[in-house]
Structure formats: C-alpha cells, structure tokens
Amino acid sequence: MDDSLLIKKEGAFEDNNENTIWIEYYLDNQLVHRSAHVRLKRPMVSLTEVGGFNG
Amino acid sequence: MANAQAMCTSFKGEILSGIHALGTTVIRAGTGADTLKAALYLASSSQGAATTAYGVSGEVSGANYSAGGITVTNATAPTTSGTTGYWTPSASFSWTNVTLATAFDAVLVYNSTQSNKAISVHTFGSQTITAGNFSLTMPTNDSTNALLRIA
C-alpha cells in the first residue's frame, strides 16, 4: 500500500475520568485503522467506617 | 496520648492481600498473589457494582481479541500510605492489532484464580478499534491516585 494515499486523523479527549488520544487512517474514505489510548485518572475508592459503642 | 476509634490502616492493606478472612474463605493453593485478568465490555452492557464475576455476556468480540481478556501484570503488592490502602496494576492493559467494531466503554478487572470473581469495573469514553491497538494506562500508584483505594 502506498502510505501517501492514507489520510490521517487524530483526536484527544480529557475529563475528570480519563485522558484519551486516538488516531485514524482512511483510504478512499474508508476507515482502515483506528487505535485509542486511554489513561485512567479517577481511582476507585471505597470509604471505610467503623461503628462505635457510645451512641 | 489517647485512644482513637479507627479502622486500622494495616487492615486496609491486608484486605487487598487476602490476609484476613472475617467470613468463610477458600483454601488457597499457596501464598502467591492470585492471577487477575481484565476484560472489555460493550457500551450496551451493564457491568458495575452488582457484577459478581466475569461473564461472556456483553464482552467485546472481534479479530485478535480473546474472550476473558488479558492477564493483569501485578508486580507491585498492595500497600498503605497515610490511612489509605491501595493497589494498581504494574503495567498498562494492552490489546494489539484488534478490531472491535462495536462500541465499548468499560473494563472489568477480575480474579481468574478465584473462580473469576469480580474486583472492579472502570469506565471510559466509548471506543471502537479498527485493525489497531487499544491501551488503558494506569494512574500513578499512590494513596491519592491508585486504581483501587480503601480510604
């Protein structure tokens, strides 16, 4: 394949949960490659509590 | 000095390592860490807090994706800092040269050693992959950012 025929598109997205980038390649307007990389930002947290005897 | 009511921080870390069994537990084959796996789920699936174990229903499928997902690299033991117990996989979750044509937006981390019991579900923006790679990079493994925290 002649790589010069490929059209490259890139994008990014970020919010409180993730930082994501993606890349796409098109050949004759057809999607032939799409990769994505997600960096997770928001941890899974479980809060703990202990009970008392005094009320 | 005075006494202070608290859940002991050491306990929080030891829960993650399976040291304590406050209920009926399992007979373990050894002292090593369990094998954990990570599987991707379609955006139309319903994985979440009620998920109890890995299942194929709702899992992604496509070229070069194996049902059940990938083995989680777990080279860093759970630990504590401050009053938080925490743990993070020691490498990204990566799928190479896959085609996942139906949108997916979640990964289930589960315990392959213990009958595929569920550990956590993590969501992200909906994705599809075409003859490409997908990776989930882990947050920093500290008491503020680790993937799993008991605070």
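The model on display is a predicted one.

**Stop 1: the strands of chain A**

Strands of a sheet pair through backbone hydrogen bonds, and the arrangement may be parallel or antiparallel. Now move to the turn of this hairpin, where two residues lie between the strands and A:Asp28 takes a positive phi near 55°.

How many residues lie between β1(A) and β2(A) in their hairpin? There are three residues between the two strands. While β1(A) is selected, note that the strand is hardly covered: of its eight residues, the count of those that are buried is zero.

**Stop 2: where chain A meets chain B**

Display both chains and select the residues that touch across the boundary. Chain A brings 23 residues to the contact and chain B brings 28 residues. On the side of chain A, β2 (18-27), β3 (30-40) and β4 (44-46) each supply at least two residues. Which of the elements gives the largest share of this side? That share belongs to β3(A), with ten residues. Colour the side of chain A by residue type, and the division is eleven nonpolar, eight polar and four charged residues.

**Stop 3: an overview of chain B**

Hide chain A for a moment and look at chain B alone. Its secondary structure consists of one helix and seven strands, and the order along the sequence is α-β-β-β-β-β-β-β. The C-alpha trace of chain B spans about 60 × 35 × 25 Å along its principal axes. Of the 151 residues in chain B, 29% are buried. Among the contacts of chain B with a separation of 6 or more, 71% link residues 24 or more positions apart.

**Stop 4: the nonpolar core**

Bring chain A back and select B:Ala38, B:Ala39, B:Tyr41, B:Val107, B:Leu108 and B:Val109. These are the residues with the most contacts inside the largest nonpolar core, which has 32 residues. The elements that give two or more residues to this core are β3 of chain A and, from chain B, β1 (36-42), β4 (84-87), β5 (93-111) and β6 (117-137). The greatest contribution is that of β5(B), with ten residues. In soluble globular proteins, nonpolar side chains tend to be buried together.

Now centre the view on B:Val107. Leaving aside residues up to four places away in sequence, B:Val107 touches B:Ala38, B:Ala39, B:Leu40, B:Phe93, B:His122 and B:Leu136.

**Stop 5**

Select β4(A), β7(B), β4(B) and β3(B). In that order, the four strands form an open sheet with mixed pairing. The edge strands are β4 of chain A and β3 (79-81) of chain B; each has a single partner strand, so one side of each is left without a neighbour in the sheet. On average, neighbouring strands of this sheet are turned by 25° against each other, direction ignored.

Helix α1 (residues 9-16) of chain B packs on the sheet and touches β3, β4 and β7 of chain B. The direction of the helix makes about 20° with that of β4(B).

Is the pairing of β4(A) with β7 (residues 148-150) of chain B parallel or antiparallel? The two strands run parallel and are joined by three bridges. Select A:Val45 to find its bridge partner in β7(B), B:Arg149. On the other pairing, β4(B) and β7(B) are antiparallel over three bridges, and B:Gly85 has B:Ile150 of β7(B) as its bridge partner.

**Stop 6: B:Lys12**

Finally, select B:Lys12, which is found in helix α1 of chain B. Is B:Lys12 buried or exposed? B:Lys12 is buried, because 20 other C-beta atoms lie within 10 Å. Apart from residues up to four places away in sequence, B:Lys12 touches A:Thr48, B:Met7, B:Thr80, B:Thr84, B:Gly85 and B:Ile150. To finish, draw a distance from B:Lys12 to B:Arg149: the two are 137 residues apart in sequence, and 8.9 Å apart in space from C-alpha to C-alpha.

Terms used. Residues are numbered from 1 along each chain as its sequence is written. Chains are lettered from A and ligands numbered from 1 in the order in which they are written. This is a predicted model: local features need pLDDT of at least 70, side-chain atom pairs count only at pLDDT 80 or more; totals for chains, interfaces and linings use all residues. A residue is buried if 20 or more other C-beta atoms lie within 10 Å of its own, exposed if 12 or fewer, and partly exposed in between; C-beta atoms are placed from the backbone. Two residues are in contact if their C-beta atoms, placed from the backbone, lie within 7 Å. Ala, Val, Leu, Ile, Met, Phe, Trp, Tyr, Cys and Pro count as nonpolar, Asp, Glu, Lys and Arg as charged, and the others, Gly among them, as polar. Two strands pair if DSSP finds at least two bridges between them. A nonpolar core is a set of buried Ala, Val, Leu, Ile, Met, Phe, Trp, Tyr and Cys residues joined through C-beta atoms within 7 Å. Axes are lines fitted to C-alpha atoms, for helices over the stretch in contact, and angles run from 0 to 180 degrees between N-to-C directions.
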